[in-house]
Amino acid sequence: MAAVAAVGMVDCHCHLAAPCFQTVRRGGAGGGGGAAPALRRCVSLAGRGGGGAGGGAGEAAGGAASLSPAPPRPGPASPQRGGGFSLLQAAVLALVVVSERAEEFRSVVALSERFPGFVLPCLGVHPVQEVSPEEQRSVTLEDLDAALQLIELYKDKLVGIGEVGLDFTPRFASTDEQKEGQRQVLIKQIELARRLDLPLNVHSRSAGRPTINLLKEQGAAKVLLHAFDGKPSVAMEGVKAGYFFSIPPSIVRSEQKQKLVKLLPLESMCLETDSPALGPEKQVRNEPKNIYIAAEYIAKIKGIPVQEVIEVTTQNALKVFPKLRNFLRI
């Protein structure tokens, strides 16, 4: 597939295989079909109805009842949050879609095959595993064992390993045994990423310092820490190690994220949505199209043009996910 020459944003961390995106199409459920409307909005925003990754997405999904082909390049949008901006400015060039458990892997890969060059997959085992919609628990090595064979099967399609990491939220990891189990699962996935020469897409809720320290101890090189919730001073230890930090649209309502962005250098930042979570409005489903809100708020904090934020964070995405260069020419 030819690389897309454009200036726009990369959503470096989103969950388009999440259940809330898995709606049923006419004729029955289909592999990831429910994510199509959210993806169509990104394709439309990018204005790439013909050719390139966006064109491929529109063409690949054209037969779905929930998705029509992308329209022609749009004109200016109505003023939205923070003043008027054009839909072209809000272009989403690529989505890095992560997984949390082995049961999601095939859905994530199916989305990447349906939207080639636009949806780019990461496979990994999250530190918190879902038993049911009402019950979650800390990860175990057995969870990882169930996933490794599939990661090996799909390794040539991947742009990264993730979502992996540590989560020491007390309701998930209240004992030393649970925390050590998470560490062992992360260590094995760091080793896997090194062997496959892939970056890590990392979760670190309530475990910022332990996560960064373990990554450094294990010699992890290419690392994206998503939605980091620790102290900015701890994040700077990651910056010194060459790690990147992705910022979600929830920055508009998070004092912690605002303090983080104030201290982090732009050269260490990427953009993300963490869709369907961490949107600009609490308890409202987030989508990749909201990524512009994160870019705009970073620009406001840094006192720089939003276009500079978009250009630098996209270059940073290419650094942390080198395989993106196969699809984007910027």
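Is Cys 270 buried or exposed? Select Cys 270 to begin: it is buried, with a relative accessible area of 0%, where buried means under 20% relative accessible area, exposed over 50% and partly exposed in between, with a 1.4 Å probe and protein chains only. This is a predicted model, in which local features need pLDDT of at least 70 and side-chain atom pairs count only at pLDDT 80 or more, while totals for chains, interfaces and linings use all residues. Residues are numbered from 1 along each chain as its sequence is written, and side-chain values use heavy atoms, with hydrogens and water left out.

The structure holds 0 disulfides, a disulfide being a pair of cysteine sulfur atoms within 2.5 Å.

Next, show the largest nonpolar core, whose 76 residues include Leu 95, Ile 161, Leu 200, Leu 215, Leu 225 and Ile 298 as those touching the most other members. Helix α9 (residues 291-302) gives the most to this core, with 8 residues. Such a core is a set of buried Ala, Val, Leu, Ile, Met, Phe, Trp, Tyr and Cys residues joined through side-chain atoms within 4.5 Å. Apart from it lies another core, of 18 residues, among them Phe 244 and Phe 321.

Finally, select helix α10 (residues 306-320), whose 15 residues reach 21 Å from first C-alpha to last. Its buried residues include Val 306, Val 309, Ile 310 and Thr 313. Helices here are DSSP runs of H or I with at least four residues, numbered from the N terminus.

Conventions
Helix = DSSP H or I, 4+ residues; strand = E, 2+ residues; numbered from the N terminus. Expected span 1.5 Å × (residues − 1).
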